[in-house]
Amino acid sequence: MRFLRQSLIGLVLAAVSLGLLAYAAQLVGGAVQERLARDISPPPPRERVFAVSVLRATAGTEIPVMESFGEVKSRRSLEVRAAASGRVIELADVFEDGGEVRSGQVLVRIDPANAQAELDRVRADLLDAEAEVRDAERGLVLAQDEETASQDQADLRQRAFERQQDLAARGVGTAAAAEDAELAASSARQAVLSRRQAVAQAEARIDQAQTRLARARIAVNDAQRALDDTTIVAPFDGTLSETNVVEGRLVAANEKLADLIDASALEVSFRVSTAQYARVLTASGALLNAPVEATLDVSGVDLTATGTINRASAGAGSTQTGRLIFARLDRAVGFKPGDFVTVKVQEPPLERVVRLPASAIDANNTVLVLGQEDRLEAVEVRLLRRQGDDILVRSPDLVGRDVVEARSPLLGAGIRVRPLRASDADAPPTEPEMVELSDERRARLVAFVEANNRMPAEAKARVLSRLAEARVPAQMVARLESRMGG
C-alpha cells in the first residue's frame with residue numbers, strides 16, 4: 001500500500017515536470033520567432049560637427065622680414081708687415097693679441113743702423129752733386145765772358161779790315177796790309193766759334209750736374225723711406241690680432257707681424273636667394289638701403305645691432321647660388337669679426353595683405369572660411385610671404401571672413417563646424433616662466449657665467465643679477481645649461 005502511494009506521487013511529479021518543460025520550450029520558441037520577425041533597421045545617422053578655431057581676416061599694411069645667416073667682418077683691416085729686414089729693438093706695450101692701439105702710435109722699431117748709414121752716404125753724394133752744379137754754373141759764366149771778349153775782339157778785327165779795304169780803294173793802303181787785316185779778322189771769328197763751343201760744353205756740364213743732383217736727391221728720398229720703414233706706425237685706431245714677434249727677433253722683409261682690425265667699423269655679409277634679392281631692389285635695379293638687424297646669441301643673452309644695406313657683391317661667387325649682400329652696422333657693442341649671426345632684413349611694406357597662421361593654408365594655396373550655416377568653404381589666396389609660423393596672403397574674397405587657423409585631413413569644403421573665437425580681452429597676460437634654483441644649481445650657473453670670457457661685461461652683470469634673484473627665468477636657465485652641458 002505504501003509502495004503504491006509513493007509510486008503515484010512520483011508519477012504526478014514527473015508529469016508536472018514534463019508539463020513545465022513543455023511550457024518553457026514553447027515560451028523560448030515564441031521569443032525566438034518574435035526576434036527573427038522584428039525589423040532591424042539602423043538608426044538615422046547624425047551629422048558630425050567639428051570644433052575649429054577661427055580668426056577674423058583683416059587686411060592691413062605689413063612689413064615683411066627676410067631672415068638669413070651671416071658673418072660679421074671688419075670694413076677696415078690691415079696686415080702689419082715688416083717693410084725692412086733687421087732686428088726688432090722696440091715693441092709697444094700693447095703689441096699683443098687683443099691690444100688696443102691708436103692712430104699714429106709706434107708699434108715696432110727695427111734696428112735702423114744700416115738704413116741710417118745708407119742715408120748718410122747718399123746725403124754726402126748729394127753734397128757732391130750740389131757742388132758740381134755750382135762749379136758748372138761758374139764755368140758757364142766764365143765761358144760766356146770769354147765768348148763776349150772774343151766777340152768784341154772779332155768786331156775790332158773786322159773794323160780794321162774794313163778800314164784797310166777803304167784805304168786800298170783810295171790808293172793809300174797796300175794790298176798786303178789788307179790781306180793781313182783780313183787774316184786777323186778770320187782768326188778772331190775762329191776764336192769766337194771756339195768760345196761758343198766752350199759755352200755749349202759748359203751748358204752740357206750743367207745739365208749733367210743737374211741730372212746727377214736729381215739722382216742724388218732720389219737716392220736720399222729712397223734712403224729716407226728705408227729709414228722710415230724701420231718704424232711701423234698704426235695707421236688707424238684698432239685692435240691687434242695674431243701677433244707673432246718678440247723684441248730681439250730677426251725679421252725678414254714683408255714678414256707678417258700681426259693683424260690690425262678696426263672693431264668699430266663692422267659689417268655683416270649674408271647670402272640670400274635670387275628671389276629674395278629681387279625684393280630689395282628698386283624699380284631701376286638699385287639696391288635699397290633697407291634696415292638690418294643682426295642678432296648674436298651669447299649664453300642666453302641676445303646681442304643685437306642695427307644697420308643698413310649698403311652694397312652687394314659684384315658676382316654670384318664660384319659654386320654659389322643667390323646673391324651676397326653687405327650691410328653696415330651702426331653700433332655693434334659686443335660683436336667681433338668672425339661672429340656667426342642671424343640677420344633680419346625689413347623689406348618694403350606690403351599693402352592690403354592678411355596675416356594668417358601658416359597652418360591655415362594647404363598645398364593648393366587655399367584656406368577654409370566659414371560660410372552659411374557654419375559650413376566651410378574653400379577660398380583661393382595668393383601667398384606673398386612666409387614669416388616664421390605666419391604667412392602673408394592677399395585675396396579679395398577673404399577680408400572680413402572667419403578663417404580656420406589649422407587645417408586637418410578631417411576638414412574640407414561643405415563640412416559643418418562649431419567655430420571657436422579667441423577673445424583678446426579675455427586672454428591672460430603672458431609672463432615668463434620662473435623657476436626656483438637650488439644652491440648647488442645656482443652656484444654652477446654663476447661659475448659658468450663668470451668663466452665665460454666672450455660675454456660682454458654689461459651682459460655678464462645683467463645675467464648674474466638675474467641669477468641672484470629667488471626666482472629665475474626658465475628660458476635663461478635652459479640656455480645656460482645647454483651650453484654648459486647641463
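**Ground rules**

I number residues from 1 along each chain as its sequence is written, and I leave out hydrogens and water, using heavy atoms for side-chain values. As the model is predicted, I take local features only at pLDDT of at least 70 and side-chain atom pairs only at pLDDT 80 or more, while totals for chains, interfaces and linings use all residues.

**Entry 1: salt bridges**

I began with charge pairs. Side chains of opposite charge can pair when their charged atoms come close. My rule for a salt bridge is a side-chain nitrogen of Lys or Arg within 4 Å of a carboxyl oxygen of Asp or Glu. By this rule I get 24 salt bridges.

I looked at D222 and R225, whose closest N and O atoms are 2.1 Å apart. Both residues sit in helix α3 (residues 175–228), three residues apart, or about one turn of the helix. For helices I take DSSP runs of H or I with at least four residues, and for strands runs of E with at least two, numbered from the N terminus. D222 is partly exposed at 36% relative accessibility, and R225 is partly exposed too, at 48%. I call a residue buried under 20% relative accessible area, exposed over 50%, and partly exposed in between, with a 1.4 Å probe and protein chains only.

Next I checked D297, which pairs with R479 at 3.9 Å between the closest N and O atoms. D297 has a relative accessible area of 37%, partly exposed, and R479 is partly exposed at 23%.

Then came R407 and D362, whose side chains meet in a salt bridge at 3.4 Å, N to O. R407 lies in the loop between β22 (402–404) and β23 (417–421), and D362 in the loop between β17 and β18, so the pair ties together parts 45 residues apart in sequence. R407 is partly exposed at 25%, as is D362 at 23%.

I also noted a network of salt bridges that links R56, D402 and R421.

**Entry 2: the largest pocket**

Rolling a probe the size of a water molecule over the atoms shows where empty space is left. I worked on a 1 Å grid over the protein atoms alone, with a 1.4 Å probe; a pocket is an open set of points with protein on both sides within 12 Å along at least five of seven lines, and lining residues have an atom within 4 Å of a point.

How much space lies in the largest pocket? I find about 220 Å³. Its lining includes A263, S264, L296, V298, F335, K336, D339 and R454. By class I count seven nonpolar, two polar and three charged residues in that lining. Here Ala, Val, Leu, Ile, Met, Phe, Trp, Tyr, Cys and Pro are nonpolar, Asp, Glu, Lys and Arg are charged, and the others, Gly among them, are polar.

I followed up D339 from this lining. D339 is in the loop between β15 (323–329) and β16 (340–346), and at 8% relative accessibility it counts as buried. Its C-alpha atom is 95 Å from that of L156, 183 residues apart along the chain.

**Entry 3: a nonpolar patch**

L4, L8 and L11 make a nonpolar surface patch of about 320 Å². Patch residues have over 30% relative accessible area and no salt bridge; nonpolar side chains (Val, Leu, Ile, Met, Phe, Trp, Tyr) are joined within 5 Å, like charges within 9 Å. Areas come from the Shrake-Rupley method with a 1.4 Å probe. I placed L11 in helix α1 (residues 2–37), and L11 is exposed at 58%.

**Entry 4: loop residues**

Most residues other than glycine have a negative phi. I found a positive phi, near 60 degrees, at N365. N365 lies in the loop between β17 (350–357) and β18 (366–370) and is partly exposed at 29%. E373 also has a positive phi, near 55 degrees. This Glu is in the loop between β18 and β19 (376–380), where E373 is exposed at 60%.

Last, I looked up D237, in the loop between β8 (231–233) and β9 (238–241). D237 is partly exposed at 37%.

Note on methods:
Grid points are joined across faces, edges and corners, and a volume is the space filled by probe spheres set on the points.
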